[in-house]
Amino acid sequence: PLVSREAGVCGPVRVGSVEVGGGDLVVMAGPCSVEGRDQIVCTALGVKEAGASILRGGAFKPRTNPYSFQGLGGIGVGLLKEASRVSGLPVVTEVMSPEDVEWMSEEADLLQVGARNMQNFPLLREVGRSHRPVLLKRGMMATVDEWLQAAEYVVSSGNPGVILCERGIRSFDRATRNLLDLSAVPLVKRLSGLPVVVDPSHGTGRRDMVIPMSLAAVAAGADGLIVEVHPSPKDALCDGDQSLDLDEFRDLMGALGALTGAL
Ligand code: PEP
Ligand code: MN
């Protein structure tokens with residue numbers, strides 16, 4: 001396989017001017033969904049000031065319930081781009097359909113393939129033909145081997161710029177939204193040579209667990225984090241319960257600074 005340490009094809013990935021997997025911890029932050037201009041610009045400026053280096057925001061949302069907010073689509077991508085210009089942060093956003101990969105590659109700096117699409121093979125091949133790097137989230141019921149084979153689809157289609165994202169897997173226990181598998185971090189890093197980031201927001205579903213699990217992820221060797229942040233989580237159209245507000249995000253960045261200084 002190309003996705004293996006031995007093959008030597010995979011390594012640090014450049015997102016705009018940011019290097020993921022090069023040694024510095026990279027924090028991606030922003031709302032689950034782009035909801036409007038003020039919301040995304042305010043979040044972008046806030047997370048940038050606190051030390052984030054990539055802005056996240058969903059425009060095409062893979063919602064379980066077809067009646068839930070589905071995202072602003074193309075308008076949301078445009079607003080994200082505007083927030084990127086205003087803040088200077090590169091952006092990551094989810095692409096759900098193979099047909100959208102080409103135009104979204106012109107707008108986003110990093111293309112997210114969501115957990116629900118980890119084995120959407122036509123989508124994997126299409127992002128593999130893109131010149132943009134790919135954030136490949138682990139499927140909620142995917143084994144490590146299936147996840148790495150999904151990455152192989154992308155890399156073998158011509159795109160070595162894959163970042164793996166552990167975001168929790170389903171378990172029998174509903175106490176948390178998912179079971180964040182931090183043992184996968186050193187494992188897939190060793191096996192693949194790809195950068196690995198952790199999503200403690202979807203991994204736990206609970207705002208109060210985001211800081212402790214972020215610290216644990218970094219201690220386990222994660223190259224970065226992707227964290228949901230909303231200026232007013234109680235009003236969020238999606239995933240408010242797991243979103244930090246800007247004050248809490250500053251606390252997270254402070255705690256990470258103390259930890260990386262100690263490691
Ligand atoms: C998201 O990042 O908002 C998202 C939908 O994540 P996942 O695909 O991991 O559920
Ligand atoms: Mn979300």
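A residue is counted as buried if 20 or more other C-beta atoms, placed from the backbone, lie within 10 Å of its own, as exposed if 12 or fewer do, and as partly exposed in between. The structure is a predicted model, in which local features need pLDDT of at least 70 and side-chain atom pairs count only at pLDDT 80 or more, while totals for chains, interfaces and linings use all residues. Residues are numbered from 1 along each chain as its sequence is written, and chains are lettered from A and ligands numbered from 1 in the order in which they are written.

In strand β7 (residues 134-137), Val134 and Leu136 point one way and Leu135 and Lys137 the other, and all are buried. Helices (H or I, at least four residues) and strands (E, at least two) are DSSP runs, numbered from the N terminus. Strands are paired if DSSP finds at least two bridges between them. Strand β6 (residues 110-113) runs parallel to β7, with 3 bridges, and Gln112 has Leu135 as its bridge partner. Strand β8 (residues 162-166) is likewise parallel to β7, joined by 4 bridges; here Val134 is opposite Val162.

With contact defined as C-beta atoms, placed from the backbone, within 7 Å, and residues up to four places away in sequence left out, Ile163 touches Val13, Val20, Pro133, Leu135, Leu136, Leu194, Pro195 and Val197.

Notes. Contact = placed C-beta atoms within 7 Å.
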